[in-house]
Amino acid sequence: LSGAAERAEQLCRRMSFRKIPLTTDSYHNMIVSWSHSSFCLKGQQALRLLEQMKHRKQLQQQNIQRSQRKKPKRKGLQRQKKDRIRVETRTYNAVFRALLSNDLLEKEEYYETAVLIEEMMEEMLNQYLSHEKLINGDNNDNFDNIKPTMETYQMVMNAWNKVDYHTCRNILYDKKFLDNDWISSDNTHTMPAPSTERVLKRIKEVYHQTGRKDADLKPTLSQYASVINTWTKCSRYELKAAPRTEKFLHELEQLSITDDFYKPTVEIYTTVIKAYTHSKHAQKPQLALRILQDMETRYKQTKGEGIRPTLRTYHGVMNACAMCTHTGDQKDRTEALRIAFQLLKVMRASGVHEPNFVTYGTLIKATKNLVPPSETQDQIFRNVFAQCKRDGQVEGVIINQLRSWTSDPLFRELTERVPIRIGKRYYKNPNSNSAKLRNRGGYDGGDNSDNGGNNGWEDVMKDIPTEWKRNVLPLKE
């Protein structure tokens, strides 16, 4: 509701004018109102109210100390305790939500927000671990009011996950926190991925420090997933990123032996494969294939549906093969092409994962990237497109790839001279498969710079013969 936050503050000012004391709930509700507001500076407004709460709390503590020296009556002391302002976990979480829900921030502001939120998390932890509430005379029932929750930790990680890698690097250069060799430097403690890893390490320390008894302080699977996701984002720029994702995957596998709570999901495995896909490792097809084989082995052992490889998992390994353009020599590229087509045979033999247009599009991309222009490349294009037509999986992006990567005579041969218009862009239709692929950033959810047809995803489905596209299904979001 527009203006609700301002209205809430006006009501609280009236309460103060009429000498009605503002309570913790009063401040909390004002902060929640701002967190739900559409105002672009709602994060700053929530922080302002939080600082007011802290100042009010400090004044109340000073008044309590003065009153205790004068030995007040018990009723007066109980009333003071009742009206006391407490900065609680729910209040911090509301401030975090206000800061994170603003999508109009500049790239530099996302970094500043992440640093601020992590500092506030540390403030909460220090208060909780130092038993500040008990020292100040609060009841034991109020001791957990400042304890960080799983939501608190997750929002801190989400804050770092929003930080742009290059923006963060430039900020740290300006502050001289990084040396010139920024890729191999170990002094990257404030870059996004190491920062999420640092938060996870802090969560583990607190959990062990409190005796491993509190479920709210226990590291969760989603927190490990956040660390893996953040490392995956920078796998294009740092060689150590992909191995770091695999390290945390193995840590989850070890934890899951004694606790099913940490059993890795298929999404986590697929994200680790994606990290290798975008890395500069010369052996990334083999590394991605090894992870897929580990998944299949664990699925056969446990029969757990949550770990069964999906089409996106297979496509991720295929894409790792297709993106070997700038890594290794021609022998490595030939092996990568062999792995890609071997996966097609595995998919067909399984009877579970039927190849779709994304499968064939990735194979066409692999052929273009890994095989030099020659008659051999043209023949592979013919074979792949023939299988694609037989399966009824010819989608607009397939035609667009062939139009971009083959000669005019070969394109006319492949399309059997069927008149196909080129010109209407796919992404104008948000429900088209190509629009969904574009939103993902390509076949694997990454960069679309090498998926073919960079001048536009053409809407040619109306001109494709029905027999060729009979089995094309809409992609899931």
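Q: How many aromatic pairs does a search of the whole structure find?
A: The model is predicted. Searching the whole structure for aromatic pairs gives a total of eight.

Q: What is the angle between the planes of Tyr111 and Trp160?
A: The two rings form an aromatic pair, 5.9 Å centre to centre. Planes over 60 degrees apart count as edge-to-face. Tyr111 and Trp160 are edge-to-face, with an angle between the planes of 75°.

Q: How many residues apart in sequence are the parts that the pair of Tyr111 and Trp160 ties together?
A: Tyr111 lies in helix α6, residues 107-129. Trp160 lies in helix α8, residues 150-161. The pair therefore ties together parts whose separation in sequence is 49 residues.

Q: Is Trp160 buried or exposed?
A: Buried means under 20% relative accessible area. Trp160 has a relative accessibility of 1%, so Trp160 counts as buried.

Q: Where does Tyr262 lie, given that Tyr224 is in helix α11?
A: Tyr224 and Tyr262 form an edge-to-face pair, 6.1 Å centre to centre with 85° between the planes. Both residues are buried. Helix α11 spans residues 221-233, and the pair ties together parts 38 residues apart in sequence. Tyr262 lies in the loop between α12 (241-258) and α13 (266-277).

Q: Which residue lies over the face of Phe248?
A: Phe248 belongs to a cluster linked by ring pairs, together with Tyr224, Phe261 and Tyr262. At 4.3 Å from the ring centre of Phe248, over its face, lies Lys247.

Q: Over the ring of which residue does the charged end of Arg403 sit?
A: The charged end of Arg403 is 4.5 Å from the ring's centre. The ring belongs to Phe411.

Technical notes: Residues numbered from 1 in each chain as written. Predicted model: local features only at pLDDT ≥ 70, side-chain atom pairs only at ≥ 80, totals over all residues. Heavy atoms only, no water. Phe/Tyr/Trp six-rings, centres within 6.5 Å; stacked < 30°, edge-to-face > 60°. Helix = DSSP H or I, 4+ residues; strand = E, 2+ residues; numbered from the N terminus. Buried < 20%, exposed > 50% of the residue type's maximum accessible area, 1.4 Å probe, protein only. Lys NZ or Arg CZ within 6 Å of the ring centre and 35° of its normal.
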